[in-house]
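Walk through this structure by its side-chain contacts.

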Amino acid sequence: MKIPSFILLIVLSASSIDSQAQTLNSFLGEWKGSGFLMGNEADFQMKWEQVLNEQFFKLTFRNSISSASFSMDAHSYYKLMDDGTVSGYWFDSRGISFPLSGNFKDQTLIIHWGTPEIEQGRTEYTLLKSNEISVNDFVLRNGEYAQFGEVTYQLKPNK
């Protein structure tokens with residue numbers, strides 16, 4: 001029996017969205033990491049949770065560079081859309097907020113953020129193992145992405 005192509009497309013799309021939801025679910029929990037931010041050694045913390053009747057994934061984030069007495073806190077909300085893309089919004093302690101949009105490539109969530117009026121960039125969250133995530137941050141300057149952050153997070157054990 002030959003399956004009509006539109007039914008196959010629906011099944012494959014649903015399978016892809018399930019895979020993306022599983023990747024986001026793998027991010028849930030509290031994470032701690034160390035890496036580099038703007039060329040300096042830095043410490044990072046992030047917490048992913050489902051909020052608002054599990055309609056959104058919330059990221060609570062903090063980075064700090066002790067040698068530069070710099071830290072930043074942020075909250076962002078992500079919604080997995082029916083087409084498998086991600087949409088959301090970022091708010092940080094600099095007083096800046098901007099839209100987020102993204103998609104998945106294998107075990108990587110690629111988020112494009114910002115606006116031309118504020119700042120623009122890309123963050124890549126790659127699930128390495130069930131307890132390890134690599135995050136790379138890039139800012140858009142003169143039409144090209146320049147990396148400014150790199151961190152590997154470890155999942156904190158449940159208490």
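This is a predicted model. The salt bridge count comes to four. One of them joins Asp 73 to Arg 62, with the closest N and O atoms 2.9 Å apart. Asp 73 belongs to strand E4 and Arg 62 to strand E3, so this bridge ties together parts that are 11 residues apart in sequence. Asp 73 has 33% relative accessibility and counts as partly exposed. Arg 62 is partly exposed too, at 32%.

Another bridge pairs Glu 119 with Arg 94, at 2.7 Å from N to O. Glu 119 lies in strand E8, while Arg 94 lies in the loop between strand E5 (86-92) and E6, so the parts tied together are 25 residues apart in sequence. Glu 119 is partly exposed at 23% relative accessibility. Arg 94 is partly exposed at 39%. Shared partners join Asp 92, Arg 94 and Glu 119 into one salt-bridge network.

Arg 122 and Glu 124 also form a salt bridge, 2.9 Å from N to O. Here both residues are buried. Arg 122 has ring contacts as well. It lies over the face of Phe 138, 4.4 Å from the ring centre. It also lies over the face of Tyr 145, at 4.5 Å from that ring centre.

Now turn to the rings themselves. The whole structure holds 11 aromatic pairs. In one of them, the ring centres of Trp 48 and Tyr 125 are 5.5 Å apart and the planes stand at 85°, so the pair is edge-to-face. This pair links distant parts of the chain: Trp 48 sits in strand E2 (residues 40-51) and Tyr 125 in strand E8 (residues 119-129), 77 residues apart. Both Trp 48 and Tyr 125 are buried.

Phe 98 and Trp 113 make a stacked pair, with 5.4 Å between centres and 20° between planes. Phe 98 is in strand E6 (residues 97-105) and Trp 113 in strand E7 (residues 108-115), so the pair ties together parts 15 residues apart in sequence. Phe 98 and Trp 113 are both buried. They also belong to one aromatic cluster with Phe 44, Phe 61, Trp 90, Phe 148 and Tyr 153.

The largest pocket has a volume of about 480 Å³. Its lining has 25 residues, and those closest to the centre are Met 72, Arg 94, Trp 113, Asp 137 and Phe 148. Strand E9 gives the most to this lining, with four residues. By class, the lining has 19 nonpolar, two polar and four charged residues.

How values were computed
Residues numbered from 1 in each chain as written. Predicted model: local features only at pLDDT ≥ 70, side-chain atom pairs only at ≥ 80, totals over all residues. Heavy atoms only, no water. Phe/Tyr/Trp six-rings, centres within 6.5 Å; stacked < 30°, edge-to-face > 60°. Helix = DSSP H or I, 4+ residues; strand = E, 2+ residues; numbered from the N terminus. Buried < 20%, exposed > 50% of the residue type's maximum accessible area, 1.4 Å probe, protein only. Lys NZ or Arg CZ within 6 Å of the ring centre and 35° of its normal. 1 Å grid on protein atoms, 1.4 Å probe; cavity = no way out; pocket = protein on both sides within 12 Å on 5 of 7 lines; lining within 4 Å. Points joined across faces, edges and corners; volume = space filled by probe spheres on them. Nonpolar A, V, L, I, M, F, W, Y, C, P; charged D, E, K, R; others polar. Salt bridge = Lys/Arg side-chain N within 4 Å of Asp/Glu carboxyl O.
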